[in-house]
Amino acid sequence: MPDQEKFATTDLDIAAMRVEYGVDAGDNHPGLETDLDESWLTDGWEPLLRNWIEHATSAGITDSNAMVLATVEVTESGPRPASRTVLCKGLSPEGVTFYTNYDSFKGQALAVTPYASATFVWPVLGRQVTVRGPVRRVAAEVTAVYWRSRPRGSQLGAWASLQSRPIGSREDLDRQLTEVTARFESVAEIPVPPHWGGFQLQPEYIEFWQGRRSRMHNRLRVLVEPGNTEVAAMKVERLQP
């Protein structure tokens, strides 16, 4: 049994928890006091998202490319939303790319309903970005290039884990990894599993959010015509907080 002291509760008032957004001049993150402006999107949504990820990285934020991915699962009771955190592993004007087991819950959900929403959030910077749109599998050669960049341990893990499926114990999971490690011991380049690869979320809706004092946040929405990545075809709107 776990040490119950680890789960001791306090009188923390969750409802009273709040942060006053907005950064004063002279803060450790210079430039963040500047209000988000439509001109920041002159070159499109992708350069600004990339800039914010790079800024989060420079600020020392762990996994600054992490995003909460929401999909729709079709159940006997009807469609149900499901979300989890994944890592963005590719960014271009065409979309946001991530990799996973195609047989996982999210992989199965996307096979039935190929549409998703992903949110990047950096609370310490008072910023977040949400992208929504259709999702498609990336080409096998694109997956292969990324696969070769992964550490060997991550490659073995992709083979060992039947992602999202139940397993009896941690020992059983470790045993599967041991068996896979032995299987590929003499293989210099581990192949891509047939059930594993990339997805690209092709945004048709992107929202940039910047926290401001008194909850008067900045929100800019970018609407993209399906299949058209030309900046001139994008529509930028300011939303009320």
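Hi everyone, let's start with two residues: Trp159 and Phe184 are both buried, meaning under 20% relative accessible area with a 1.4 Å probe on protein chains only, where exposed is over 50% and partly exposed lies in between. A word on the source: this is a predicted model, where local features need pLDDT of at least 70, side-chain atom pairs count only at pLDDT 80 or more, and totals for chains, interfaces and linings use all residues. Residues are numbered from 1 along each chain as its sequence is written, and side-chain values use heavy atoms, leaving out hydrogens and water.

Now, the middle of things. The largest nonpolar core has 33 residues, and Trp45, Leu49, Phe120, Trp122, Val129 and Phe208 have the most contacts inside it. Such a core is a set of buried Ala, Val, Leu, Ile, Met, Phe, Trp, Tyr and Cys residues joined through side-chain atoms within 4.5 Å. Helix H1 gives the largest share of this core, six residues; helices (H or I, at least four residues) and strands (E, at least two) are DSSP runs, numbered from the N terminus. Apart from it lies another core, of 12 residues, with Trp159 and Phe184 among them.

On to the rings. The whole structure holds 11 aromatic pairs: rings of Phe, Tyr and Trp (its six-membered ring) with centres within 6.5 Å, called stacked under 30 degrees between planes, edge-to-face over 60, and tilted for the rest. Trp52 and Trp122 pair edge-to-face, 6.4 Å centre to centre with 80 degrees between the planes. Trp52 sits in helix H1 and Trp122 in strand E5, 70 residues apart.
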